[in-house]
Amino acid sequence: MPSKIMEREMAVSYVPGIETDPYIRTIEWEMMDKSKFFSLNVTSSFIVRTFLYPFTVIKTRLQIQKGSEIYKGTFDAFRKITKYEGTKGFYKGFWVNSFTIISGSCYVLTYENVRHLLHSYDVRDAQIKALVAGGSASLVGQTIIVPVDIISQHLMLMGQFKNQYSGKKKISIPTNSIVVETDGKSKFGITSSLIKEIYKTDGLRGFYRGYIASLCTYVPNSALWWSFYQFYQDQLHIILPFGVPLMMQQVMAAMLGGLTTTVLINPIDIVRARLQVLSSQSLIHDDILLIRSNQ
């Protein structure tokens, strides 16, 4: 006999004269093989991150720049990074950023357990459970991920320069507010120097710069995405003709949920990125370079 949770989430479609089996629309925490889930989750997350990381680099650089001082848009950024930095330019900070996969496991663990807890308190609305669990999971995830995110964002900006004029003379100034020597250093050496410089500049607070902005970005982002995902999945199940595979419905719901959430949250995400990477000393740093160029 299926459990009450399984009965609640099962959707049965009937076609006259044809016997159909019920299928599960939501896989509950207790239904999963935990050892397989976490190992496959880490592996799939790493593979997806490998393919999508170049877009993360482009997004971060576009968010940090003022207006169109360096890149005119996504395609222009792709062209210039390829031309001046090569393929490696798209993977700056990749290995550091990969540590955020750990927070992904904590995220899922929190999400599923909060949903289970809400169910134990007789909360039956799937969208409400998704909203609360998604927000809670993001709170835990961001607490772990912010220091790693800050380090990887600084690495993403290395090698990027903006042009400024001192009189009639044009000079190139690093866009990164923290500059470290890279010549002759390994990736580990550069990362180590960057961590030391962040600590020297802002102390431990430097690793949580923009933490509140991150919470204001990703907690509602996560809460809204899960809520919209549940909403779109329910609506697509009603609207789409019989026979459309469940996985296709879920993929479409995930894409629509992501699109809707991004449109709503992107302005806050830009503020978060600038707070994390641009320090109050960045303007002073630019002025010093301008003065030196005149000497």
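Student: In which hand does α2 pass α5?

Tutor: In this predicted model, the crossing of α2 past α5 is right-handed.

Student: Which residues of α2 and α5 make the contact?

Tutor: From α2 come F37, F38, N41, V42, S45, F46 and R49, and from α5 come T100, I101, G104, S105, V108 and L109. Sorted by class, the contact of α2 with α5 has seven nonpolar, five polar and one charged residues.

Student: What describes two packed helices?

Tutor: The angle between their axes and the distance between the axes. Here α2 (residues 34–64) and α5 pack at about 130°, and their axes are 10 Å apart. That angle makes α2 oblique to α5.

Student: How far does α5 reach from its first C-alpha to its last?

Tutor: Helix α5 covers residues 100–120, 21 residues in total, and spans 30 Å, close to the 30 Å expected at 1.5 Å a residue.

Student: Which residues of α5 are buried?

Tutor: In general, an α-helix has 3.6 residues a turn, so residues three or four places apart point the same way. The buried residues of α5 include T100, I101, S105, V108, E112, R115 and H119.

Student: Is D122 buried or exposed?

Tutor: D122 is exposed, because its relative accessible area is 53% and the cut-off for exposed is over 50%.

Technical notes:
Residues are numbered from 1 along each chain as its sequence is written. This is a predicted model: local features need pLDDT of at least 70, side-chain atom pairs count only at pLDDT 80 or more; totals for chains, interfaces and linings use all residues. Side-chain values use heavy atoms; hydrogens and water are left out. Helices (H or I, at least four residues) and strands (E, at least two) are DSSP runs, numbered from the N terminus. The expected span of a helix is 1.5 Å times one less than its number of residues. Buried means under 20% relative accessible area, exposed over 50%, partly exposed in between (1.4 Å probe, protein chains only). Axes are lines fitted to C-alpha atoms, for helices over the stretch in contact, and angles run from 0 to 180 degrees between N-to-C directions. Angles under 35 degrees count as roughly parallel, over 145 as roughly antiparallel, 65 to 115 as roughly perpendicular and the rest as oblique. A crossing is left-handed if the near helix is turned anticlockwise from the far one by less than a right angle, and right-handed if clockwise. Contact means heavy atoms within 4.5 Å. Ala, Val, Leu, Ile, Met, Phe, Trp, Tyr, Cys and Pro count as nonpolar, Asp, Glu, Lys and Arg as charged, and the others, Gly among them, as polar.
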